[in-house]
Amino acid sequence: MDLTEQFEAERPRLLRIAAGVLDDRAEGEDMVQQAWLRLHGISATIENLPAWLTVVTTRLCLDRLRAKVPEPAETLPDDGGIATDPADGVLEAAAVGVALQAVLERLSPSERVAFVLHDTLGVEFRTIAAVLAVSADAARKLASRARAKVAAFPPGDAAADWQVVDAFLAASRGGSFTRLLHLLAPDVVVSADAAAIATGTPERIEGRQSVAAMFDGAAAAALPVFVDARPGAAWFNRGAARVAFDFAVADGLVQAITFRAEPDVLASLTRRAGANRKERPVVTSRPRPSS
């Protein structure tokens, strides 16, 4: 592949990184484009293009963050009770969930980069260290301190199911891969009934990463509805519902999504809007199909 083809192959991954760090897809696209311009401005041979693009894109995001929120004078914590092993104190997605934006705003730019890259996107500490111009051990400490701050975030009231569903839809429309990940249970499953499969819907997808990738930027035409009295969504075309998204939510996380296109299901959908957005309609619920 030539340079343009190689970059385009990396673009989706870079956009997920940039949008995740900045929590803004439009700004993320801007950073990825700047990385492309920098790539064309160098004459040296790049041995590992994916790694180079990761570092450059994330540094551009870091500069953007630091322009908004300066780093504190002390950027590294002492060891006072904060785990430095990345396996220690790993947070469940429910710790951030719907409140991800507020959580990220509590972190310094370096902490935010370390947290998003490692805890959300699984980037190794050696790469994070190169981005932050620190040692790998210092990068671990930054991630650990970020994790501790996230764990200390005041949870408030548990998110209602409709809030989780609507946060998921907003993240999907906005192409926020990081938000999607933090709203999904680790063992989340997407399944479909026979009618939905007949329209081209995948029969089954498993795991947080795969499900987030499927919905990343993909719910532009989905509208909030009630599916058998549960808060869900549906894809509409020319005013008619074509596929319903039946959500199973527990502990603030999406546990399962079932695509349903049976005519009787679509005919029974009730739009959620205004005062009706939170309240369940008074209907006789049918048993939910097993996934």
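**Entry 1: the start of helix H3**

I began at Asn 48, which caps the N-terminal end of H3. A side-chain oxygen of Asn 48 sits 3.1 Å from the backbone nitrogen of Ala 51. I note here that the model is predicted.

**Entry 2: the length of H3**

I checked the span of helix H3, which covers residues 49–68. With 20 residues at 1.5 Å a residue, the helix should span 28 Å. I found the end C-alpha atoms 29 Å apart, which agrees.

**Entry 3: what H3 packs against**

I listed the buried residues of H3; among them are Leu 49, Leu 53, Val 55, Val 56, Leu 60, Cys 61, Leu 62 and Leu 65. Thr 54, Thr 57 and Thr 58 are buried too. I then looked up the partners: the buried residues of H3 pack against helix H1 (3–22), helix H2 (25–40), helix H5 (109–120) and helix H6 (125–132).

In soluble globular proteins, nonpolar side chains tend to be buried together. I looked for such groups next. The largest nonpolar core has 41 residues, and Phe 7, Val 21, Val 113, Phe 115, Leu 117, Ile 128 and Leu 132 touch the most other members. The elements giving two or more residues to this core are H1, H2, H3, helix H4 (100–104), H5, H6 and helix H7 (136–151). H3 supplies the largest share, eight residues.

I followed up Ile 128. Leaving aside residues up to four places away in sequence, Ile 128 touches Ala 114, Leu 117, His 118, Val 123 and Ala 139. I also found a second, separate core of 30 residues, which includes Leu 180, Leu 183, Val 188 and Ala 196.

I searched the whole structure for salt bridges and got 22. I took Glu 8 and Arg 11, which form a salt bridge with their closest N and O atoms 3.0 Å apart. Both residues lie in helix H1, three residues apart, about one turn of the helix. An α-helix has 3.6 residues a turn, so residues three or four places apart point the same way. Glu 8 is partly exposed, with a relative accessible area of 39%. Arg 11 also counts as partly exposed, at 25% relative accessibility.

**Entry 4: salt bridges between helices**

I looked up Lys 68 and Glu 27, whose side chains meet in a salt bridge at 3.1 Å, N to O. This pair links distant parts of the chain: Lys 68 is in helix H3 and Glu 27 in helix H2, 41 residues apart. Glu 27 has a relative accessible area of 17%, so I wrote it down as buried.

I then went to Glu 111, which forms a salt bridge with Lys 149; their closest N and O atoms are 2.9 Å apart. Glu 111 is in helix H5 and Lys 149 in helix H7, 38 residues apart, and the pair again links distant parts of the chain. Is Glu 111 buried or exposed? Glu 111 is buried, with a relative accessible area of 0%. Lys 149 counts as partly exposed at 29%.

I noted one network as well: salt bridges with shared partners join Asp 228, Arg 230, Asp 246, Arg 260 and Glu 262.

**Entry 5: Leu 181**

I finished with Leu 181, which is placed in helix H9 (residues 177–183). Leu 181 is buried, with a relative accessible area of 3%. Leu 181 and Leu 253 are 72 residues apart in sequence, and I found their C-alpha atoms 9.8 Å apart in space.

How values were computed
Residues are numbered from 1 along each chain as its sequence is written. This is a predicted model: local features need pLDDT of at least 70, side-chain atom pairs count only at pLDDT 80 or more; totals for chains, interfaces and linings use all residues. Side-chain values use heavy atoms; hydrogens and water are left out. Helices (H or I, at least four residues) and strands (E, at least two) are DSSP runs, numbered from the N terminus. The expected span of a helix is 1.5 Å times one less than its number of residues. Buried means under 20% relative accessible area, exposed over 50%, partly exposed in between (1.4 Å probe, protein chains only). Contact means heavy atoms within 4.5 Å. A polar contact is a pair of N or O atoms within 3.5 Å; within protein, one must be able to donate a hydrogen and the other to accept it, and residues adjacent in sequence count only if both atoms are side-chain atoms. A nonpolar core is a set of buried Ala, Val, Leu, Ile, Met, Phe, Trp, Tyr and Cys residues joined through side-chain atoms within 4.5 Å. A salt bridge is a side-chain nitrogen of Lys or Arg within 4 Å of a carboxyl oxygen of Asp or Glu.
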